[in-house]
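Open the model in your viewer and keep the selection panel at hand.

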Amino acid sequence: MDPTTHPFDREEVMAYLDGELAPERAAAAAAHLEQCGECHALAADLRAVARQMTEWEVEAIPASVQQSVLLAVEQQKAAKAPVIQEQQPPRNRRRGRLLIWGVVFSAAMLLLFVLRIPTLHYKVPQMETGPAALHSLPSTSTLAERKRPSGPVPGPPPVTESFDGQPARDQATRSASAVPMAKKAPVPIDAIEPLAAEKAQAGESGPMIVRHASLAVLTKEFDAARSALENLVKAHQGYFGELNVATPASAGRSLTATVRVPAAQLDAVLVELRKLGRVENENQSADDVTREFADLTARLANARETEKRLVEILRERTGKVSDILQVEQQISRTRQQIEQMDAERKTMENQVRYASVDLRVIEEYKQSLETPAPSLGTRINNAAVDGFRGAADLVLGLLLWLLSAGPTLLVLGAFVAWPAWWLVRRLRRRFFAPGAAVAP
Amino acid sequence: MIMSSDEELMLEFQKGSAEAFSELFQRYVQRLYGFFRRRLDHPTRAEELTQDVFVAVLKGAARYEPRALFRTYLYSIAVRMLSAERRKSSRETAAVSGNSGEPAQAAQSETSAWVRDAVGRLETTEREILLLREYEELSYDEIAQVLEIPVNTVRSRLFRARMALRELLVARQPRTGGA
């Protein structure tokens, strides 16, 4: 087609018929088709082809397929674990293929796992047990690049940088506080968590210890002790799990608190807490959960592998609806387990990371003699009020007693009065009757 | 519900409405079946694959984002499943779609069979584009998205396919006597 005589090429004519041209261009094409015989003929040919193609019809899909899919939807909606009654004939060939893929995938995962073990042992650094040593690792290094320090880390580690690139915050907090630091520097939470997990995954021998202490302190300066306690907790990046203050009228005040502080700082915190007053009671305990943690981590890793495999199977296959739904059901169960174990692991990590201190601060009670005595008028008034109240209480009490005990007394009197009267009369007759003294 | 767009229905289904999925299913089940039926010899496989596409939609509903049209999404899945099916069947048998006797096709009209044969002779991509345009009624843009090729390629190849089909049509005219 000559572009000088045909402003539209043949493809554009087709696009016009398909409604794919912009409105202005389509209007121009329509006008051109009216005038150009060649293009008109082309359009007629294209229409004829389209018409011819409509002859190829397809029969309606069987209702069983519709029912099968809709049933699957209903079941998926109704329950998390849907099972469909399969209406299609079994496809053993596809199932067999799925099985083969599953086995191959499992074998590949196993191989990968086996190959990974020596690598992990080789690359994972042998870290110091204390979190402070972990803390001193450079923030930019990856786990694989970290090497074990050649000797124990001497003195307090000055580095306060966290792995997530937030360096100065912790240091600023600490330097601002008046509380002197103990041997180990505080460790940012972000830094500990991945390391704890890595330790467990790599089979690191560092123990996971849940530490707990309880302390009872007797203090003379309750308010000062309380504010010191709050500052102390803040400075050590801890928090109060619970805090109760009791102020009884005739006894010293008392404070009961559960303080959670980073485990590495427990000793330092205890030293500070002892300074709050005279220690009446102190207790410390440590629970080793290394084994439980490692076990949990291994189970979690296994569950994740299983989930990955299931997802892979689901992606690879195009099997029956019932098979797919069963795999999905299994995935759902596995994910639930993973979430549960993950939560358990986080709780355990939190317990390890944060030691808990049950603290009781008791104020030394002093009888307050220095309170000013009331005035004479007040005392007379109080005495009069007390007197009146006492008399009124007495009368009221007597009345109430009579009301409550009266009927019983009457009944008792009825029983006792007659024999008593008889006895009195008899005695009186014997001793006081006229002529009784001369009776034989 | 009837008036909702496909995309709206899909979002409803994401929120848990089984009715929305049912509506989508009703809208597309026959079209999808036609899609597979015109491309595969075995009606049962077409049924199974139709079913599989809906199951895939069911599974992927949570991940669906209405960035593209729903039908583009649906036919993309269908095209992928068809490719997988063809790979599998080419391994299993040397039989090529379109030249084997199929009981279900016997009832088709002569014109229908001829169209089927003629379309079967087209080059694979051109045939796919032509079928998506004529039977699935996708726009050039949608075909480009589904087949992951440029729109201009869609247009030029569609034109070539139609011209080739026209040649076959012209060649057949004398024999059919204008039937």
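Begin with both chains: 34 residues of chain A are in contact with 37 residues of chain B, contact meaning C-beta atoms, placed from the backbone, within 7 Å. This is a predicted model, in which local features need pLDDT of at least 70 and side-chain atom pairs pLDDT 80 or more, while totals for chains, interfaces and linings use all residues. Residues are numbered from 1 along each chain as its sequence is written, with chains lettered from A and ligands numbered from 1 in the order in which they are written.

On the chain A side, select α1 (10–17), α3 (37–53), α4 (63–78) and α12 (321–353), the elements that give two or more residues each. Of these, α4(A) gives the most, with 10 residues. Helices here are DSSP runs (H or I, at least four residues), numbered from the N terminus.

Next, select B:Leu32, B:Val53 and B:Leu74, which have the most contacts inside the largest nonpolar core, a set of 66 residues. A core joins buried Ala, Val, Leu, Ile, Met, Phe, Trp, Tyr and Cys residues through C-beta atoms within 7 Å; buried means 20 or more other C-beta atoms within 10 Å of the residue's own. Helix α2 (residues 18–37) of chain B supplies the largest share of this core, 10 residues.

Finally, select helices α6 (residues 124–134) and α7 (residues 140–147) of chain B, which pack at about 135 degrees with axes 10 Å apart. Among the residues that meet there are B:Leu132 in α6(B) and B:Val146 in α7(B).

Definitions and conventions. Axes are lines fitted to C-alpha atoms, for helices over the stretch in contact, and angles run from 0 to 180 degrees between N-to-C directions. Two residues are in contact if their C-beta atoms, placed from the backbone, lie within 7 Å. A residue is buried if 20 or more other C-beta atoms lie within 10 Å of its own, exposed if 12 or fewer, and partly exposed in between; C-beta atoms are placed from the backbone.
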